[in-house]
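Dear colleague,

Please find the structure below, with its sequence. My findings on it follow directly after.

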Amino acid sequence: MFVMGVDPGLTRCGFAVLQPGRARTANAVAMGLIRTDPERQAPVRLAELQREIRDLIEEFTPKIVAVERVFIQRNTTTGIRVAQAAGVIITEAAAMGCHVREYSPNEVKAAVTGDGRADKEMVQTMVQQMLGLTETVKPADVSDAAAIALCHLAFDPTGALLGQRELAGNAMSGVRR
């Protein structure tokens, strides 16, 4: 079973595909960054992001796609773009049959470091240790994506919850308008 963690963003979107291991460990199968050109129009960039996510899901067939829940603090314009990117990622994953889970930044930090207020460096250090890597995962978008996948594994290490918390839309799947 693979778990794909995604740190949503429109200009930079981190992803990590992990295979669960033993005792809160996992093996990194693939990690990277999806970039879109900020000079292009948002709809074109969102379509590019959708294609990239679709390609990753087709290549690795994760059972779960874990996404960081968008939290807008200061810059609402950037927040809206990140929310749009998250929507595309969530929709594409669900359409391709993946279970989708969202986790808040504090849940991710607490699951990986034990402290919901941990800084980026602590998250990167713990991701490196938990994945048994020799170097820190960079950039932070990729490290965060790995942390999101690790967070899901901390909450559901055996995949037992997969069938218990379906997307609300599944109940309406047969309804046509």
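In this predicted model, helix H4 passes helix H5 in a left-handed crossing, that is, the near helix is turned anticlockwise from the far one by less than a right angle. H4 (residues 120-131) and H5 (residues 140-155) pack at about 60°, with their axes 9 Å apart; axes are lines fitted to C-alpha atoms, for helices over the stretch in contact, and angles run from 0 to 180 degrees between N-to-C directions. Helices (H or I, at least four residues) and strands (E, at least two) are DSSP runs, numbered from the N terminus. Contact (heavy atoms within 4.5 Å) is made by residues including Val123, Val127 and Leu131 of H4 and Ala140, Ala147 and Leu150 of H5.

The model also has an open sheet of five strands in the order S3-S2-S1-S4-S5, with mixed pairing; two strands pair if DSSP finds at least two bridges between them. Its edge strands are S3 (26-35) and S5 (99-103), and the twist averages 20° from one strand to the next. S4 (residues 64-68) and S5 run parallel, joined by five bridges; Ala66 has Arg101 in S5 as its bridge partner. Helix H3 (residues 105-113) packs on the sheet, touching S4 and S5, and its direction makes about 90° with that of S5.

The chain averages a pLDDT (the predictor's confidence in each residue, from 0 to 100) of 89. Over residues 163-177, however, pLDDT stays under 50.

Residues are numbered from 1 along each chain as its sequence is written, and side-chain values use heavy atoms, without hydrogens and water. Local features need pLDDT of at least 70 and side-chain atom pairs count only at pLDDT 80 or more, while totals for chains, interfaces and linings use all residues.

Kind regards
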